[in-house]
Amino acid sequence: MTNEIMSTDQPTPLAQMQKARAIAKEIAATVSHLIVKISQREYPTVSWWQSVAWAFNFTSTELEVTKQQTDDGSVEYMAVVAIVRIDTGETVSRGSAIASSAERAPWGRAAFSVRSMAITRATGRAYRHSPCAIIPHLLKIEATPAEEMPIESAQPEARALPPAAASSSGSSSVMAMLKQSVLEEQIEGLAGQVSDIAKELGHKISAASAQAAAEKGSTSREDVRDRLVAKVATGHSKISEKKAGKK
């Protein structure tokens, strides 16, 4: 992006629309691979929204993630995410969302998976209420993140086709992309937890460093995630031991 595109020296409606069109053109040329087709409609992933936000000088930040009480024993989290200006930290929009293990979605039922999906959904909703929400309309795609779509909507053809045909259908690639997007969100969330635990134990480890350490020598992204899960579990055990020692 050029400084002209990001300039606010001409705050007229026409200038703002010209800026948005210029950004939309650049977005279409660079991150179209982050858009998936579901039931003949195109939906952006949360990663796409993050790329668009960067062009507008915005980024997302977690405000709150809380575990909810449930009557059926399922795991449920609610997340609140804010969209802020990168240069000033000013909040421009917020979004909240809930994810539950009772959904039986492909992203899993483990607590860390449910927590990560709640954050993913909240992030997508926050971006939809931000100033950059005009971009999907200019590109004539849906504004709702693909991760928020009901899983049944992502694979209608798969139920109608024989197993052999379904495995090669477009729905398979859609599901693969969604799973990969969620996996990356899980890794990012877990790395953040490792960093927070380290701070509580008196160490200074950034989320990026925690993720890099887990990636070293790993065999797959799932392996990276599992390593971070193990680190989180070990960290919680150390915190419990530390608290027990103070009593």
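**Briefing: fold, space and ring pairs**

Among contacts (heavy atoms within 4.5 Å) in the protein chain between residues at least 6 apart in sequence, 59% join residues at least 24 apart. This is a predicted model: local features need pLDDT of at least 70, side-chain atom pairs count only at pLDDT 80 or more, and totals for chains, interfaces and linings use all residues. Residues are numbered from 1 along each chain as its sequence is written, and side-chain values use heavy atoms, with hydrogens and water left out.

**Chain overview**

- The protein chain has 10 helices and 5 strands. These are DSSP runs numbered from the N terminus: helices are H or I with at least four residues, strands are E with at least two.
- Of the 247 residues in the protein chain, 39% are buried. Buried means under 20% relative accessible area, exposed over 50%, and partly exposed in between (1.4 Å probe, protein chains only).
- The accessible surface of the protein chain is about 13,700 Å². Carbon and sulfur atoms account for 50% of that surface. Areas come from the Shrake-Rupley method with a 1.4 Å probe; for residues, only the protein chains shown count as cover.

**Largest pocket**

- The largest pocket holds about 330 Å³ of space. On a 1 Å grid over the protein atoms alone, a pocket is an open set of points with protein on both sides within 12 Å along at least five of seven lines; a cavity is a set where a 1.4 Å probe fits but cannot get out. Grid points are joined across faces, edges and corners, and a volume is the space filled by probe spheres set on the points.
- The pocket lining has 18 residues; Thr-61, Glu-62, Ile-119, Glu-188 and Gly-189 lie nearest the centre. Lining residues have an atom within 4 Å of a point.
- α3 (46-55), β3 (58-67), α4 (111-128) and α8 (170-200) each supply at least two lining residues. α8 gives the most, with 7.
- By class, the pocket lining has 5 nonpolar, 8 polar and 5 charged residues. Ala, Val, Leu, Ile, Met, Phe, Trp, Tyr, Cys and Pro count as nonpolar, Asp, Glu, Lys and Arg as charged, and the others, Gly among them, as polar.

**Cavity**

- The whole structure has 1 cavity of 30 Å³ or more. The largest cavity has a volume of about 40 Å³.
- Phe-112, Arg-115, Ser-116, Gln-186, Gly-189, Leu-190 and Gln-193 line the largest cavity.
- α4 and α8 each supply at least two residues of that lining; α8 gives the most, with 4.
- The cavity lining has 2 nonpolar, 4 polar and 1 charged residues.

**Aromatic pairs**

- The structure holds 3 aromatic pairs. Rings of Phe, Tyr and Trp (its six-membered ring) pair if their centres lie within 6.5 Å; planes under 30 degrees apart count as stacked, over 60 as edge-to-face and the rest as tilted.
- Trp-48 and Trp-49 form an edge-to-face pair, because their ring centres are 5.3 Å apart and their planes stand at 85 degrees. Both residues are buried.
- Trp-49 and Tyr-127 have ring centres 6.1 Å apart and planes at 0 degrees, so this pair is stacked. The pair links distant parts of the chain: Trp-49 in helix α3 and Tyr-127 in helix α4 are 78 residues apart. Both Trp-49 and Tyr-127 are buried.
- Ring pairs join Trp-48, Trp-49 and Tyr-127 into a cluster.

**Ala-102**

- Ala-102 sits in the loop between β5 (91-100) and α4. Ala-102 is partly exposed, with a relative accessible area of 46%.
- Not counting residues up to four places away in sequence, Ala-102 touches Asp-72 and Ser-74.
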